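Here is a short report on one chain. It goes from overall make-up to local detail.

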Amino acid sequence: TRADSVITPLTLFPPGYSFLLSRVSLLTGDYLLTARIINAVCFSLVICTITWGMLVLTKNALPALVSGVLVLASPVMLEDFTGMMSEALFFFLFYGSFFFTLIAIRRQKDGWLIPAVLLTMLAPLVRYIGVVQCVFNPLLLLLFSRSAWKERMRKALLFASLSILPIASWLIASGGSSHGFGGRSIRLSAGLGEKLLAFFKESSAILQGWIPYFGYRVNLIPDGTKVGIILCALGALLLLDLYFYWKKRKAEQAGILLQLVFSLLLYSILYFIVLAFSCLFASVPPDLNGRMFSPLWPTFVLLGVCGLAYLLEQVPVRWKKTATVLMVLVILLPLRFYALRGWADARELHENGYGYTARAIRNSAFLQALEELSEDIPLISNDAGLVLFYTNRMPYELKPVPNYRLGDGNTSIDVLFSTQNAALILDYASMRNTYEDWSARLDALTAGLGISFQDDIGGVYSFPK
């Protein structure tokens with residue numbers, strides 16, 4: 001429901017997580033409790049799925065256990081499973097569908113494809129980037145199945161058609177209120193090269209935080225060089241793995257570890273391609289942050305574990321024990337780093353909260369000021385999510401924040417604010433995190449406005465009569 005009481009699908013985000021949250025909350029009566037339950041269930045399912053999938057495919061308990069523990073100890077996972085966010089559900093849908101698909105291929109039993117298709121169908125309904133899975137999983141069937149090529153193509157096409165059907169139905173059904181894919185349209189703009197370089201720089205900055213013991217010496221390498229190294233490394237790994245896989249496949253010696261490495265590299269590349277395309281051409285580009293890249297974290301963990309396990313297989317028998325000890329030490333170092341960092345982050349979250357549930361916000365008088373606003377007054381905010389979260393009222397979103405006094409312009413928001421006695425709700429933290437000139441922008445935006453409430457968290461303003 002919009003601020004003007006018109007009911008319309010919010011197609012900027014897919015409906016899957018919101019639908020699940022609303023259904024389960026009917027039983028619990030509390031959205032926060034519901035989010036905690038979903039997070040706990042999905043976290044358990046993700047750890048169990050990854051550990052079980054690796055155990056079934058490799059028939060080796062060590063890489064399966066190491067994979068599960070590294071994913072479990074990660075601060076990346078902690079961030080995604082401690083909020084009301086769709087990533088928690090998306091993690092399970094991707095890794096569940098991935099392992100079910102590979103198990104179906106290895107065991108040559110089509111029954112395993114049923115859960116794989118079902119989970120793949122749900123993934124884009126939770127996050128639009130889940131469409132990658134609708135291409136990726138059928139592609140695995142096409143590449144790795146031992147059936148005849150005609151049979152492979154038939155299965156892959158059927159898999160892709162079934163998995164894309166729900167998200168296509170949602171987009172068609174909500175098409176009357178949406179322009180393009182997921183509330184976005186494709187647009188061609190100047191400076192694509194600069195945008196692409198900016199995408200790689202931001203991606204590199206985020207992924208650097210996942211490297212254990214990441215030191216200052218890496219900053220001596222220019223960003224452009226880092227981008228080139230990452231791209232060349234990914235491409236070289238993909239080609240090298242493909243070479244070894246097909247070489248051993250012809251000799252009927254291709255193992256599951258090479259297959260896993262190739263599959264995970266392929267998924268990482270497809271994920272980056274779709275994300276880069278969205279940033280370059282979408283009318284509403286996605287925010288590049290840790291959450292956006294977090295589904296790749298278990299992928300990188302599995303890549304490292306499978307790579308080390310494959311190297312260990314190639315070591316001569318007489319060096320096997322020594323190599324095993326060295327690889328265990330190599331694994332213990334990042335495990336120690338992630339476990340300590342994750343424990344510190346968990347304590348910080350427990351003591352001070354995070355995001356909209358931060359203790360500073362929950363204990364502030366700012367929330368009381370929001371709750372006291374009359375339901376007849378239209379709301380405008382630069383952080384619509386915060387207002388919706390605490391008041392259950394969807395405000396008109398002020399984005400981007402203008403650098404002139406609100407109400408003096410000719411936009412619909414300006415007219416609404418100056419004529420309808422609307423309340424302007426500003427979250428100062430959001431402004432500080434979004435705009436470098438936030439202080440000057442705030443002064444210009446609120447110059448001469450009436451101040452109903454103001455503290456360190458935010459303010460409530462009105463247009464002078």
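## Overview

How many helices and strands does the chain have? The chain has 20 helices and five strands. Helices (H or I, at least four residues) and strands (E, at least two) are DSSP runs, numbered from the N terminus. The model is predicted: local features need pLDDT of at least 70, side-chain atom pairs count only at pLDDT 80 or more, and totals for chains, interfaces and linings use all residues. Residues are numbered from 1 along each chain as its sequence is written, and side-chain values use heavy atoms, with hydrogens and water left out.

Buried residues make up 44% of the 465 residues in the chain. Buried means under 20% relative accessible area, exposed over 50%, and partly exposed in between (1.4 Å probe, protein chains only). Take the contacts with a separation of 6 or more: residues 24 or more positions apart account for 70% of them. Contact means heavy atoms within 4.5 Å.

## Confidence

The average pLDDT of the chain is 83. This score is the predictor's confidence in each residue, from 0 to 100. At least 70 is reached by 86% of the residues. Helix α6 (residues 113-126) has the highest confidence, at a mean of 94. Helix α10 (residues 223-250) has the lowest, at 60. Where pLDDT is low, the predicted coordinates should not be read in detail.

## Nonpolar cores

The largest nonpolar core has 82 residues. Such a core is a set of buried Ala, Val, Leu, Ile, Met, Phe, Trp, Tyr and Cys residues joined through side-chain atoms within 4.5 Å. F98, L102, F199, L260, Y267, L275 and F293 touch the most other members. Leaving aside neighbours within four places in sequence, F199 is in contact with F272, L275, A276, C279, L288 and F293. In soluble globular proteins, nonpolar side chains tend to be buried together.

## Aromatic pairs and charges over rings

The structure holds 25 aromatic pairs. Rings of Phe, Tyr and Trp (its six-membered ring) pair if their centres lie within 6.5 Å; planes under 30 degrees apart count as stacked, over 60 as edge-to-face and the rest as tilted. F277 and F281 have ring centres 4.9 Å apart and planes at 50°, so the pair is tilted. The two are about one helical turn apart, because they are four residues apart in helix α11 (residues 256-281). F277 is partly exposed, at 42% relative accessibility. F281 is buried, at 16%. One aromatic cluster is formed by F43, F81, F91, F94, Y95, F98, F99, F136, Y267 and Y271.

Two arginines have a charged end over a ring. The criterion is NZ of Lys or CZ of Arg within 6 Å of the ring centre and within 35 degrees of the ring normal. R127 sits over F90, 5.4 Å from the ring centre. R432 sits over W438, 5.6 Å from the ring centre.

## Helix α20

Which residues of helix α20 (residues 438-446) are buried? They are R441, L442, L445 and T446. Seen down the axis of α20, these fall within an arc of 110°, so they line one face of the helix. The arc is that of the directions from the helix axis to the C-beta atoms. The buried residues of α20 pack against β3 (423-427), α19 (428-434) and β5 (458-462). G448 follows α20 and has a positive phi, near 80°.

S268 lies in helix α11. S268 is buried, with a relative accessible area of 1%. Not counting residues up to four places away in sequence, S268 touches L296, T299, F300 and L303.

E79 lies in helix α4 (residues 75-80). At 34% relative accessibility, E79 is partly exposed. With residues up to four places away again left out, E79 touches M85, R291 and Y354. E79 and S294 are 215 residues apart in sequence and 9.1 Å apart in space, C-alpha to C-alpha.

## Backbone exceptions

Most residues other than glycine have a negative phi, and most peptide bonds are trans. K399 and P400 are joined by a cis peptide bond, with omega about 0°. P400 lies in the loop between β2 (396-397) and α18 (412-419).

N392 is not a glycine, yet has a positive phi of about 60°. N392 lies in the loop between α17 (384-391) and β2, and is exposed, with a relative accessible area of 66%. N421 also has a positive phi, near 55°. N421 lies in the loop between α18 and β3, and is partly exposed at 44%.
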